[in-house]
Amino acid sequence: MTCLLLLLLLLLFLFSSADSLTSPSDVSALKAFKATVKPNSIPPWSCLASWDFTVSDPCASPRRTHFTCGITCSSDSTRVTQLTLDPAGYTGRLTPLISGLTELLTLDLAENNFYGLIPSSISSLTSLKTLILRSNSFSGSLPDSVTRLNSLESIDISHNSLTGPLPKTMNSLSNLRQLDLSYNKLTGAIPKLPKNLIDLALKANTLSGPISKDSFTESTQLEIVEIAENSFTGTLGAWFFLLESIQQVDLANNTLTGIEVLPPNLAGENNLVAVELGFNQIRGNAPASFAAYPRLSSLSMRYNVLHGVIPSEYERSKTLRRLYLDGNFLTGKPPARFVRTDAEVMGSLGNNCLQGCPGKAKMCAPSQKPFYICKQAYGGKPKS
């Protein structure tokens, strides 16, 4: 009986040990990852402080005192599937040996102080679906090898110091749904985008040149485009607002000089809800065709170089609730609907050349431009 009990205990021990044995390649990769983090940047209460390879297996369960957080393992406790650090202020480089975590689904190092290059060996993480390096100090270019991660669904490397152009092969990320590279120092043009992309955020970089239709041709599911605070130039073609799934657009603070707007195809469904074109150098008249978009509720073309009258179509729009046209050279009388005391549309028509914009109307603030500025802009007295 005693021998049988010992045998059962031995089998239980062997079973439990096998069940919690992390792959040696994963252990090596985790050791290398921690070794490149500066010890004095690891607070005693943090996830990395609990990583003690001398006394515990990373995927062993329960994790009461060691490896308490930071990693998630597969159901059989053999592979690391998530590396998600706490925002504890860790400082160091991302080791190329991270490539050993070949079953990793999520890599999230957000809101720390990692710096240096993103290693090209990251392309070995072929199962990776989510890459989040937001709010660190990574520099250099986004490695071309990232575009070989065909399983990627989301990339967020915003708020870093990335430089150089975007990889020309970005469109090979066929499963990518979200891309956020805002607040970096990226240059060049927008390459051809992935076909299943829904959310594009490239705000606050140094991207330049015209916005090309070729970049967006394959992206038939694109809903949100945030490319404000760059250096895009030229005329934005009518094709842009007719993109099949487009809903929200932010192109503010660029150097665009013109926009073309056509009414949407009545045979199809158009979901454009919000357009932000403020603080560019757009000339000409305010496009009346914007009023034909059946769901457009917010339109801003503030602080451009628009001339002429405010289109009467805007007043007749049943969906428009926010309208910002301040800081232009618009003339004539403001639409009555916008300057009533009970106006349901908010925004501003101020700092233009309008006549008869009541001071008590919220939409008329701030006050209109001095007459001599308007006269100069029109080469004589503004015509209503």
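Cys 357 and Cys 364 are both buried. They belong to a predicted model whose disulfide count comes to four. A disulfide is a covalent bond between the sulfur atoms of two cysteines. With the bonded cysteines numbered in sequence order, the pairing reads 1-3, 2-4, 5-8, 6-7.

**Cys 357 and Cys 364**
- A disulfide joins Cys 357 to Cys 364, with an S to S distance of 2.0 Å.
- This link of Cys 357 and Cys 364 is left-handed, at -85° about the S-S bond.

**Cys 353 and Cys 374**
- The sulfur atoms of Cys 353 and Cys 374 lie 2.1 Å apart and form a disulfide.
- Cys 353 sits in the loop between strand 23 (346-348) and helix 6 (371-377), and Cys 374 sits in helix 6, so the pair ties together parts 21 residues apart in sequence.
- The S-S torsion of Cys 353 and Cys 374 is about -95°, so this disulfide is left-handed.
- Cys 353 has 3% relative accessibility, so it counts as buried.
- Cys 374 has 4% relative accessibility, and it also counts as buried.

**Cys 47 and Cys 69**
- Cys 47 and Cys 69 form a disulfide with sulfur atoms 2.0 Å apart.
- Cys 47 and Cys 69 each lie in the loop between helix 2 (24-35) and strand 1 (71-73), and the pair links distant parts of the chain, 22 residues apart.
- The link of Cys 47 and Cys 69 is left-handed, with -120° about the S-S bond.
- Cys 47 is buried, because its relative accessible area is 5%, under the 20% cut-off.
- Cys 69 is partly exposed, with a relative accessible area of 25%.

Definitions and conventions
Residues numbered from 1 in each chain as written. Predicted model: local features only at pLDDT ≥ 70, side-chain atom pairs only at ≥ 80, totals over all residues. Heavy atoms only, no water. Disulfide = S-S within 2.5 Å. Helix = DSSP H or I, 4+ residues; strand = E, 2+ residues; numbered from the N terminus. Buried < 20%, exposed > 50% of the residue type's maximum accessible area, 1.4 Å probe, protein only.
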